[in-house]
Amino acid sequence: MSKRKGAETMETVFSPAVTLEGLAQRPTQPLVVVISGPSGAGKDSLIRRMKELQVPFHFVVTATSRPPRPGEVDGVDYHFLSRERFEAGIRAGEFLEYAVVYGDYKGIPRWEIENALASGKDVILRVDVQGAATLRRLIPEAVFIFVIPSSREELIERLRARGTESPESIARRLQAVEEELKHWAEFDYVVVNRNQHLDEAVADILAIIRAEHRRAHPRAARREPMSPPPSSR
Ligand SMILES: Nc1ncnc2c1ncn2[C@@H]1O[C@H](COP(=O)(O)OP(=O)(O)OP(=O)(O)O)[C@@H](O)[C@H]1O
Ligand SMILES: Nc1nc2c(ncn2[C@@H]2O[C@H](COP(=O)(O)O)[C@@H](O)[C@H]2O)c(=O)[nH]1
């Protein structure tokens, strides 16, 4: 490519001078990755698989007023709170974000986010579509991934086979899908978690994270809490 000597190019106007070594060793910022999608899409299964594969990331444990399912561990899957304790937390401004999701409170404790950002690792949050909309305002530089199954039948079958929901809870979750789907285009990526192809969806998420780390102009991960805790306002 020939360029006139002294002529301004896109590179000379926009790129600060670097050495090859400097550019090659450029530190990458931790990412904030928000995983959302309909109930039963497989968000928790994907995150669990990524933990099994020892992918280095910090998972933000959110809080809920719903009772634990068999096998769920307090402080690992959720912080399980009574409804009263959750409502007291709302009044005290303890949550960065909270919503009523399928009839139960769900929310992100501020201290969890502060710990996550202090970890220096990529941070993964899993929230419903309402939560993703709130986080888009609070953390616009986060990477937003919408996870879906490949069909409604797949979703119904998965929610039934999980065996954790009452028929009413399954109906409520399925009723929400249409509304949730309306928001797909607000996400940066759509990942399809096909039946029996969980590892393909995991590979997609890892590819997204890898590519985001290779950005020439990275999304800057926040180092500070999103807003001061209410007590110091
Ligand atoms: N690729 C897959 N193939 C077959 N079954 C799957 C796949 N992914 C997830 N499942 C199963 O589907 C059910 C729902 O998955 P999971 O609980 O991970 O969904 P979720 O999106 O986290 O749901 P929720 O929003 O309700 O918490 C689980 O029983 C899980 O084992
Ligand atoms: N808005 C928020 N949604 C959250 C949070 N933590 C989890 N979730 C989402 O709730 C639904 C239902 O979860 P389940 O465990 O009861 O099946 C699912 O979409 C989760 O991702 C949160 O802090 N805020």
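I will start with His183, which sits in the loop between helix 8 (167–181) and strand 9 (189–192). Helices here are DSSP runs of H or I with at least four residues, strands are runs of E with at least two, and both are numbered from the N terminus. This is a predicted model, in which local features need pLDDT of at least 70 and side-chain atom pairs count only at pLDDT 80 or more, while totals for chains, interfaces and linings use all residues. Residues are numbered from 1 along each chain as its sequence is written, and chains are lettered from A and ligands numbered from 1 in the order in which they are written.

Is His183 buried, exposed or partly exposed? His183 is partly exposed, because 17 other C-beta atoms lie within 10 Å; buried needs 20 or more, exposed 12 or fewer, with C-beta atoms placed from the backbone.

Next, the domain. An unreviewed UniProt entry annotates residues 30–210 as "domain: Guanylate kinase-like"; such annotations may be inferred rather than shown by experiment.

Now the ligands. Around ligand 1 there are 17 residues, counted when the C-beta atom, placed from the backbone, lies within 6 Å. Ser39, Gly42, Asp44, Ser45 and Arg158 come nearest. Helix 3 (43–52) and helix 7 (152–162) each give that shell at least two residues.

Ligand 2 has 16 residues around it, with Thr62, Lys106, Val127, Asp128 and Gly131 nearest. Strand 5 (95–101), strand 6 (104–109) and helix 6 (129–138) each contribute at least two residues to the shell around ligand 2.
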